[in-house]
Amino acid sequence: MIDTHMHADARSGEDFEKMYQAGIDTAITCSYYPYNIPHEMILLNHLNRILEYDTKRAKEYGLDLRVALGIHPTNSNINPEKIFEKVYEWIEAKQIVAIGEIGLEDLTDNEISIFKKQLDIACETKSKVIIHTPRKNKKDVLKVILDIVPQHIDENQAVIDHINPQVVGDVIDTDCMLGLTVQPQKMDKFEAISILKEYGFDKFLLNSDISNKPSDPLSVVKTVRELTRQGFDDSEIDKVASENAKEFFNL
C-alpha cells in the first residue's frame with residue numbers, strides 16, 4: 001500500500017513502524033511548515049530536513065519515504081526565489097517525486113503568485129504537483145484553483161488533494177488525479193468509500209495527511225481493509241491502494 005500524502009517531520013518513528021507493519025510500504029511526505037516564517041532560509045532548512053533526515057528516519061523502520069517539496073500556501077509570506085532555485089535543483093537531481101504541497105488557502109496575492117510560479121516550474125520540468133485545498137471555504141477556493149491550473153499546466157500532471165463528498169462533483173470531470181484524505185475532522189473511511197462507489201477507482205489516490213493535527217497513521221490501511229470487507233473487486237482496490245500512485249508518481 002502507498003500513503004500518497006503525509007508530513008513525516010511531524011510524526012514519530014513509532015508511527016512509521018506502525019504504518020510499515022500494517023502494510024504500507026511507501027509514503028509520500030509533503031512540505032508544510034505550520035508556524036510563521038520570517039525568512040525563507042527557515043523554510044529552506046525545513047525542506048532540507050524532510051529530504052535528508054526524515055527519509056532516513058523512515059527507512060530505519062522499513063518505510064520507503066518519497067518526497068514532494070514546494071511552498072505551501074501557509075508559507076507564502078517569504079521571498080520565494082531561493083526556494084524556486086532549489087526546486088529546480090531537486091527536480092534535476094531526481095530527489096523529489098512532485099512539487100508539493102502547493103495550492104491556495106486564503107486567496108492572497110502572494111499565495112496566488114507563488115502557486116502560479118510553481119505550476120509554471122512543473123510545466124517547464126514536466127513534473128507532477130500535489131495541490132492543497134483548504135478546510136475552510138473549500139468550494140470557493142477550489143473554484144479559483146480549477147481556473148488557474150489549466151492556464152499553467154496540463155491537468156494530467158496534477159493531483160488535487162483533500163477532496164471530499166461536498167466538492168467531488170466539481171472536479172470529477174477534470175483530467176486531474178484526486179486525493180482522498182481520510183483523517184479525523186476531514187473525512188472518514190465510509191465517506192471516502194462512498195466517493196469510490198459512485199465515481200469508480202481510476203482517478204483517486206488515498207492518503208492520511210498525518211501531521212501535527214489530529215491524525216491516524218493507519219487510515220489508508222483501514223480504508224483498504226474496509227473496501228475488502230465490503231466485497232469490492234481486488235483489482236479495483238489495488239488501484240487506490242497502490243497502482244494509481246505508482247503510475248502517477250512514477251514510483
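**Salt bridges, pockets and local geometry of the predicted model**

Arg 49, Asp 54 and Arg 57 are linked in a network of salt bridges, a salt bridge being a side-chain nitrogen of Lys or Arg within 4 Å of a carboxyl oxygen of Asp or Glu. The structure is a predicted model, in which local features need pLDDT of at least 70 and side-chain atom pairs count only at pLDDT 80 or more, while totals for chains, interfaces and linings use all residues. Residues are numbered from 1 along each chain as its sequence is written, and side-chain values use heavy atoms, with hydrogens and water left out.

Side chains of opposite charge can pair when their charged atoms come close. By the rule given above, the count comes to 14 salt bridges. One of them joins Lys 86 to Glu 89, whose closest N and O atoms are 3.0 Å apart; both residues lie in helix H3 (residues 81-92), three residues apart, about one turn of the helix. Helices (H or I, at least four residues) and strands (E, at least two) are here DSSP runs, numbered from the N terminus. Glu 89 has a relative accessibility of 41% and therefore counts as partly exposed, given that buried means under 20% relative accessible area, exposed over 50%, and partly exposed in between (1.4 Å probe, protein chains only).

Lys 239 takes part in a salt bridge with Asp 202, in which the closest N and O atoms are 2.6 Å apart. This pair links distant parts of the chain, since Lys 239 belongs to helix H9 (residues 234-249) and Asp 202 to the loop between helix H7 (189-199) and strand E8 (204-207), 37 residues apart. Lys 239 counts as partly exposed at 23% relative accessibility, whereas Asp 202, at 52%, counts as exposed. Lys 239 also forms a salt bridge with Glu 236, the closest N and O atoms being 2.9 Å apart. Because Glu 236 and Lys 239 are three residues apart in helix H9, about one helical turn separates them; Glu 236, with a relative accessibility of 24%, counts as partly exposed.

The structure holds two aromatic pairs. In the pair of Phe 248 and Phe 249, the ring centres are 4.8 Å apart and the planes stand at 90°, so the arrangement is edge-to-face. For this assignment, rings of Phe, Tyr and Trp (its six-membered ring) pair if their centres lie within 6.5 Å, and planes under 30 degrees apart count as stacked, over 60 as edge-to-face and the rest as tilted. Phe 248 counts as buried at 6% relative accessibility, and Phe 249 is likewise buried, with a relative accessible area of 4%. The charged end of Lys 128 sits over the ring of Phe 248, 4.3 Å from its centre, where a charge sits over a ring if NZ of Lys or CZ of Arg is within 6 Å of the ring centre and within 35 degrees of the ring normal.

The volume of the largest pocket is about 250 Å³, and its lining has six nonpolar, three polar and three charged residues. The second largest pocket has a volume of about 200 Å³. Of the 16 residues that line the second largest pocket, Tyr 32, His 132, Arg 135, Lys 186 and Lys 213 are the closest to its centre; by class, this lining has two nonpolar, eight polar and six charged residues. On a 1 Å grid over the protein atoms alone, a pocket is an open set of points with protein on both sides within 12 Å along at least five of seven lines, and lining residues have an atom within 4 Å of a point.

Some backbone features complete the description. A cis peptide bond, with omega about -5°, joins Gly 100 and Glu 101, and Glu 101 has its place in strand E4 (residues 98-103). Gln 185, a residue other than glycine, has a positive phi near 75°; Gln 185 is found in the loop between strand E7 (177-181) and H7 and counts as exposed at 65% relative accessibility. Asn 250, also a residue other than glycine, has a positive phi near 55°. Asn 250 is found in the segment after H9 and is exposed, with a relative accessible area of 62%.

Key: On a 1 Å grid over the protein atoms alone, a cavity is a set of points where a 1.4 Å probe fits but cannot get out, and a pocket is an open set with protein on both sides within 12 Å along at least five of seven lines; lining residues have an atom within 4 Å of a point. Grid points are joined across faces, edges and corners, and a volume is the space filled by probe spheres set on the points. Ala, Val, Leu, Ile, Met, Phe, Trp, Tyr, Cys and Pro count as nonpolar, Asp, Glu, Lys and Arg as charged, and the others, Gly among them, as polar.
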